[in-house]
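Me: I have just opened this one and would like a quick tour. Can we go piece by piece?

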Amino acid sequence: MVDITPADGIPPAEIAEVELYHPHSWWTKYVFSQDAKVIAIQYSATATGIGLVALVLSWLMRLQLGFPGTFDFITPEAYYQFITMHGMIMVIYLLTALFLGGFGNYLIPLMVGARDMVFPYVNMLSYWVYLLAVLVLVSSFFAPGGPTGAGWTLYPPQAIMSGTPGGQDWGIILMLSSLILFIIGFTMGGLNYVVTVLQGRTRGMTMMRLPLTVWGIFTATVMALLAFPALFVACVMMLLDRVLGTSFFMPAISEMGAQLQHNGGSPILFQHLFWFFGHPEVYIVALPAFGIVSDLISTHARKNIFGYRMMVWAIVGIGALSFVVWAHHMYVSGMHPYFGFFFATTTLIIAIPTAIKVYNWVLTLWRGDIHLTIPMLFALAFIVTFVNGGLTGLFLGNVVVDVPLSDTMFVVAHFHMVMGVAPILVVFGAIYHWYPKATGRMLNETLGRFHFWVTFLGAYLIFFPMHYLGLMGIPRRYAELTDMTIMTESAHHLNSFISIMAFIVGFAQMVFLFNLIWSIRHGREAGGNPWRATTLEWQTPQTPPAHGNFGKDLPIVYRWAYDYSVPGAKEDFIPQNMPGSFGPSREPA
Amino acid sequence: MAVALVLVLIVVGSVLFHLLSPWWWTPIASNWGYIDNTIIITFWITGVVFSAVVLFMAYCVFRFRHREGSRAAYEPENKRLESSLTIITAVGVTALLVPGLFVWSRFVNVPSDATDVEVVGQQWQWSFRLPGKDGKLGISDTRDVSAENPLGVIASDPNGQDDVVVEAADLHLPVGKPVKMRLRSIDVLHDFYVPEFRAKMDMIPGSVTYFWFTPTRTGTFQVLCAELCGQGHPLMHGVVMVDTQQDYLAWLGQQQTFAQLSAPQQTGSADQAPGTMASGLKTAARLETVGSR
Amino acid sequence: MSVIIVFLLVIAGFAGWWLSHQGLMTKPWLEQGVASDLVGFDRSGLPTAKIGLGVFLAVVGCLFALFTSAYFMRMAVSDWQPLPLPRLLWLNTGVLVLSSIALQCTSVAARRGQIDTVRLGLAVAGLTALAFLIGQLMAWRQLTEDGYLLSSNPANSFFYLITGMHGLHIVGGMVGLGRTTAGAWSGARRERLRLGVELCAMYWHFLLFVWLAIFALLAGWAATFIDICRQLLT
């Protein structure tokens, strides 16, 4: 498959088969646009919008947990609907869509030196199908019976039974349909991201010269393409169970004294399918964050990322390993207990490449020239929260330790820290970093610092103490924590504290949104390369980049993405498209 | 400067919180002190790693912060450093994993002298079944569940006739005797969870799961459901009382067997309390009061 | 879950082979310029659309591998009662093979630029694929009339689900085939037509392969085969 032609003979990475699409009207330029940058902004805006809904839902849940009995409208039914929608939106419709659909679309073509994605029309469809999925999801709030309250894991049999809100109404049907649509839309987008990295790279851009951001998004997309089918299969089968009365996941059930028609299904089968998707999903969110944070640290510490090769291997290794650890979510699910030995081992092995990544980030700081810009602050905060959340993962991955801790608040604290707070901090850092490229203006510094400190410290204060509630044995997914002997008075106070912090952190996000909108017009002019970065997206002739990204000629890449503070070079950065040899220690090319 | 200070404060604060906060696990009441020990080992190793990484970061931020004219060092990689860090990590991970797997193999291998106790979960209450004099539980099937036979014991199995059925009431266990909890559900997933026993396991309709433990002290313990099972999930409480052998036998003597419970049915009194329905409705009624609060 | 693991191992094999050509061991900070030693690290010479379709087929393959995995997991339970496969499925298989052969001939013709043969081949492929779909629907009807309803037994549910999913993919392929056919009649550029035909052929061969695999699965041969493998291993 590899066609060995001399590098000079390879045509510049124009889109060969499909000519670059040129918009003819306002509609095709801004709405039904095939330009990856516009699609990226559409994805990001939609994801942020639905993410705000999920944020409000989390407030409502914290109201109930922090001040039980005070708010009449939060019935157990409503609580479970909030918790389910919050989880599903955050994991799938916000984080996955934002990292891959948002950052992937914006950064991949720019960073690999392409004019656009390779299949722009499919890319546009991807967004519209995603939007449809979001609309279907939102519509469940207005459906009879409300949205589903099955928990974001949607475990059958309860997900489609009458004891669960939305189980016998429209809620679960709309949720499953929305997920199916999301997966179809994502597959369209994912094909683009993967094939653009494979085929769209400009001359000289070898895989080992790619910024780690692209490596992270690329690997995550490959994983998502292989993992989402599992969710698709599970959703289709559950939809059939619910609508047509099949029994894929439904055994014989006696519900409230009445025998249901189902017979012979296996609830565990659903869990295997779900987590076969669900665990890679964690890394689908984490790997782009890993990649982006590597670039933020390197750029703002003015130092090449330490151990680039190791970082690439670790990304690929984590991606591959994450497909053989799924059942660590199922240690107490009643599956065969001997699986525990295997999955605990694989799970703890995956800690090694992850730890290497952490070391390399920290070692990049070592002897760097650290500019404490806002993106850098967010990157530092990411390391703290990610290390914290990753280490608590060692508790839960170690099968026997998981037994008392599973299904408690410890798990909630762990996954919020590691795949909620940490990646979201990267999202913020990335927005502060690339906003100047996308709009031509800087975000307001004062508001940014306020946003950073409140978000970072607030989130840490929410989730760090929460682990200890779990250690006490307080179960998760409890709409009320009353009548429990293990629940002490002080634990109730801690819950109130966590709730208040949640409101404060949520408020800081409003400041951030204001900053995003305000700075479009009033921010300081950024110029083309405000961070003095090396990668190709900062070398575009226009800022924001025009349609086609790079003007008349595509850039030619002469070096890797991390030539910062090279001895002998005049500046402390050398853009990837700058020819010439620098540095004393270089072997002849 | 401020950033470095905050990073140090995070480490110090987290450690102090861990040591001084009043939120800690409940006093253990089973033989699974091994699990607690494994958690302690894990806390030590992870705590050291967390402090080391964040403090090192704080030092870097302080020492290598940008100053006029400063320039970063140029060091693409350092193989020796990277491989030694990898090896140290691997050792640390092994130190976590090995004790964990040893305890797990104890956890999954039930001692031969453990007595069977069946727990049956349903929305939203707990019922129990103890083997009768023959020491064996009769087989059961969800299809046989009815108001008169809430646990779905198959009447044709002679082993089931003398089984003690405890419907929606407290379970008593003798102290110091290993028990194998055989877990069943007749509707959705549940999880039999007593925080003081540390052990838990999901119950799956259509199959029997298990875990085992030995109660080590007498007392009254609350049973919680630890797997989301519908809107009554947070109200699905139960009680396990760990008794001395004497008290236990006294309690056991008062319980009814399956044969006794199904006897009235043969005499034709159809108005026997419809157990399953009634208790399900009981929780449903409680839910309504919660809802209207 | 063994089927999907094996499937992923195959994918991982491809990925590893590709990665091994990307110079993962090189030290990129030492290499400057677009010199000739970077040959082969660049993109593949295959048309981008083909690579795109290849990636998509990997996703489709993953989907069916997961269905197969789920099927085997459910099959392992003792109350499993497979349904008798209608004879008609053999005929349908034959028709689908014909369809694939037709597209293969078409793609040879497209390479040689014989536009009339291309048109004929596309029409034959389209009609046979349509016949396959109708045949599948008739097989469904036959089964329902014999009392093997969708929800009466897990084996039945799986049968309808997997065949239905395969049918839906054929329907999706028909859309692509329809566009190529329209291009063949309205005089699309030769290279363009050739690419379209080749993509259709690739997709058809893949779906034929998937069909053969699920036919073997539903008929129970796949399970027998795996049992034999297992016995050989132990």
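Me: Is B:V164 buried or exposed?
Reply: B:V164 counts as buried. The model is predicted, by the way. The call rests on 22 C-beta neighbours inside 10 Å, and 20 or more is enough to be buried.

Me: Where is B:V164 placed?
Reply: B:V164 is in strand β3 of chain B, residues 164–166.

Me: What does B:V164 touch, leaving out residues up to four places away in sequence?
Reply: The list is B:R129, B:L130, B:G132, B:L252, B:Q255 and B:T257. There is also a C-alpha separation to give you: 6.2 Å between B:V164 and B:P131, which are 33 residues apart along the chain.

Me: Step back to the whole of chain B. How many helices and strands are there?
Reply: Chain B has seven helices and 10 strands. Of its 293 residues, 40% are buried. Take the contacts in chain B between residues at least 6 apart in sequence: 71% of them join residues at least 24 apart.

Me: Which domains does chain B have?
Reply: The assignment gives domain 1 (2–64 + 77–108) and domain 2 (115–267 + 282–287). Over C-alpha atoms, the centres of these two domains of chain B are separated by 39 Å.

Me: How many residues are in contact between domain 1 and domain 2 of chain B?
Reply: Eight residues of domain 1 of chain B are in contact with 13 residues of domain 2. On the domain 1 side, five are nonpolar, three are polar and none is charged.

Me: Where is the cis peptide bond at B:W124?
Reply: That cis bond joins B:Q123 and B:W124, with omega about -5 degrees. B:W124 sits in the loop between β1 (115–122) and β2 (125–130) of chain B.

Me: Now chain A. What are the helix and strand counts?
Reply: Chain A has 15 helices and two strands. Its radius of gyration is 24 Å, close to the 25 Å that the globule rule gives for 589 residues, so chain A is as compact as a globular protein of that length. The C-alpha trace spans about 80 × 50 × 50 Å along its principal axes.

Me: How much of chain A is buried?
Reply: 67% of the 589 residues of chain A count as buried. For contacts in chain A between residues at least 6 apart in sequence, 80% join residues at least 24 apart.

Me: And the largest nonpolar core, how many residues has it?
Reply: That core has 348 residues. Those with the most contacts inside it are A:V233, A:L273, A:F378, A:I383 and B:M57. Helix α3 of chain A (residues 76–112) gives the largest share, 25 residues.

Me: Why does this core lie between the two domains of chain B?
Reply: Because domain 1 (2–64 + 77–108) and domain 2 (115–267 + 282–287) of chain B both give residues to it.

Me: Pick A:I383. What is it in contact with, beyond four places in sequence?
Reply: A:I383 is in contact with A:V358, A:W361, A:V362 and B:M57.

Me: How many residues are in contact between chain A and chain B?
Reply: 99 residues of chain A are in contact with 90 residues of chain B. On the chain A side, helix α11 (residues 374–397) gives the most, with nine residues. By class, that side has 62 nonpolar, 24 polar and 13 charged residues.

Me: Which residues other than glycine have a positive phi?
Reply: A:L154 is one of them, with phi near 55 degrees. A:R367 is another, with phi near 60 degrees.

Me: Where are A:L154 and A:R367 found?
Reply: A:L154 is in the loop between α4 (120–139) and α5 (171–199) of chain A. A:R367 is in the loop between α10 (351–365) and α11 of chain A.

Me: Buried or exposed, for A:L154?
Reply: A:L154 is buried, with 24 other C-beta atoms within 10 Å. A:R367 has 19 C-beta neighbours inside 10 Å, so A:R367 counts as partly exposed.

Me: Last one, chain C. What should helix α5 span?
Reply: Helix α5 of chain C (residues 154–185) has 32 residues and should span 46 Å at 1.5 Å a residue. Its end C-alpha atoms are 46 Å apart, which agrees. C:G187 follows this helix, and its phi is positive, near 75 degrees.

How values were computed. Residues are numbered from 1 along each chain as its sequence is written. Chains are lettered from A and ligands numbered from 1 in the order in which they are written. This is a predicted model: local features need pLDDT of at least 70, side-chain atom pairs count only at pLDDT 80 or more; totals for chains, interfaces and linings use all residues. A nonpolar core is a set of buried Ala, Val, Leu, Ile, Met, Phe, Trp, Tyr and Cys residues joined through C-beta atoms within 7 Å. A residue is buried if 20 or more other C-beta atoms lie within 10 Å of its own, exposed if 12 or fewer, and partly exposed in between; C-beta atoms are placed from the backbone. Helices (H or I, at least four residues) and strands (E, at least two) are DSSP runs, numbered from the N terminus. Domain bounds come from an automatic or database domain assignment. Two residues are in contact if their C-beta atoms, placed from the backbone, lie within 7 Å. Ala, Val, Leu, Ile, Met, Phe, Trp, Tyr, Cys and Pro count as nonpolar, Asp, Glu, Lys and Arg as charged, and the others, Gly among them, as polar. The expected span of a helix is 1.5 Å times one less than its number of residues. The radius of gyration is taken over C-alpha atoms; the globule rule is 2.2 Å times the number of residues to the power 0.38.
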